[in-house]
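Good morning, and thank you for coming.

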Amino acid sequence: MTGPAAEELAIAQQDCAIRCLACGHRCLVKPGKAGICKVRFNHQGQLHVPRGYVAGLAADPIEKKPFFHVLPGSQALTFGMLGCDLHCAYCQNWISSQALRDPAAVAGATAISAQRIVQLAMEHGCPTLISSYNEPLITSEWAVEIFRLAQRQGLLCAFVSNGNATPQVLDYLLPYIRAYKVDLKTFSDRCYRQLGGVLENVLQTIGGLKRRGVWVEIVTLLVPGFSDNRDDLKRMAEFLAGVDPLMPWHITAFHPDYHMSTGRATSADDLLTARQIGLDAGLCYIYTGNLPGQTGAGENTVCHHCGATVIRRRGFDIEAMGLSATGACPHCDHVLPGIWSVTP
């Protein structure tokens, strides 16, 4: 994809180099070169970006994304491409996200049209379309091409992203997305830089999304010895509570993978300890994930007004749903924060 769509996320520089604004790296891409992501490149002074294919496409419970306050119990059609602007050593989608950086990553690609993706969502009864799997910020133009068509069919559109964004790309996405999951990996800038990112970029994204009125849920993969420092978790929880104490925080269990295949997995006690840190900081909706049935009430949604359990879960399955169609608690009639219908 070239032309106006790509140009909205780039600023031309001297000597035909282009400043790409799709992610927080803000690469100055010279002719014949690609950005850090490996998928956005400068061809004769014009920014070229991916379109017209998927490396992953699946209908899943929306809880798998994870979104717990967006159309709970529904299915979401998720699509992804190749490439990422980070290089996390523990990436669980590395076969596609690192496909252009690591010779061992062998994900393929399937040509498909934006129209067909929207059609598949409708055929499978998915009210939501989500860009995920690799880092969707670096393929924002393709997502917008799909989301424009999806909106005409009344579908809700969302991003599942590492949050390494720029204000420009958030403004570009804003007319098309209603929900955004941000992967807040750690609260240590030193650890973030090991992954190829900068903590402040992600914090700015979280605040920027909230100011723009996008529904936001946060996920932190609790990696023993990397992102489980208690002081860092306390500062992270305090930051999130300062942005919005009603913003859901998912704390999920790590299993050894990719270049971190020898460390220990996250335990249920690890998750519960982190959850208590979040509760002490004033967060109201904290969820423990990836260990179904092992963390008690940590998978459930509890009304922050009256304390009643309104959604009971095990893993990605909803075992009991007490919310009304408008998201109101049946015990106190207060509407919980979230998106409970696809109506804009």
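Which residues does Thr-78 touch, not counting residues up to four places away in sequence? They are Gly-56, Leu-57, Ala-58, Lys-65, Ile-130, Ser-132 and Tyr-133, where contact means heavy atoms within 4.5 Å.

A word on the source. This is a predicted model, in which local features need pLDDT of at least 70 and side-chain atom pairs count only at pLDDT 80 or more, while totals for chains, interfaces and linings use all residues. Residues are numbered from 1 along each chain as its sequence is written, and side-chain values use heavy atoms, with hydrogens and water left out.

To return to Thr-78: this residue is found in strand 8, residues 75-80; strands (E, at least two residues) and helices (H or I, at least four) are DSSP runs numbered from the N terminus. Thr-78 counts as buried because its relative accessibility is 0%; buried means under 20% relative accessible area, with a 1.4 Å probe and protein chains only. Cys-126 is 48 residues away from Thr-78 along the chain, and their C-alpha atoms are separated by 9.6 Å.

I turn to the nonpolar cores, each a set of buried Ala, Val, Leu, Ile, Met, Phe, Trp, Tyr and Cys residues joined through side-chain atoms within 4.5 Å. The largest has 82 residues, and Leu-129, Phe-147, Leu-184 and Trp-249 have the most contacts inside it. Helix 4, residues 140-152, gives the most to this core, with seven residues. A second, separate core has 12 residues, among them Val-70, Ala-76, Ile-130 and Leu-156. Leu-129 itself touches residues including Leu-77, Phe-79, Phe-147 and Leu-156.

Next, the largest pocket. On a 1 Å grid over the protein atoms alone, a pocket is an open set of points where a 1.4 Å probe fits, with protein on both sides within 12 Å along at least five of seven lines; lining residues have an atom within 4 Å of a point. Its lining comprises 39 residues, and Lys-65, Gln-92, Asn-93, Lys-181 and Asp-183 lie nearest its centre. Lys-65 is also one of the residues that Thr-78 touches. Strands that each supply at least two lining residues include strand 11 (156-161) and strand 12 (179-183).

Finally, an open sheet of three strands has the order 16-17-18, with antiparallel pairing; two strands pair if DSSP finds at least two bridges between them. Strand 16 (301-302) and strand 18 (317-321) are the edge strands, each pairing on one side only. Thr-301 has Ile-311 of strand 17 as its bridge partner.

How values were computed:
Buried means under 20% relative accessible area, exposed over 50%, partly exposed in between (1.4 Å probe, protein chains only).
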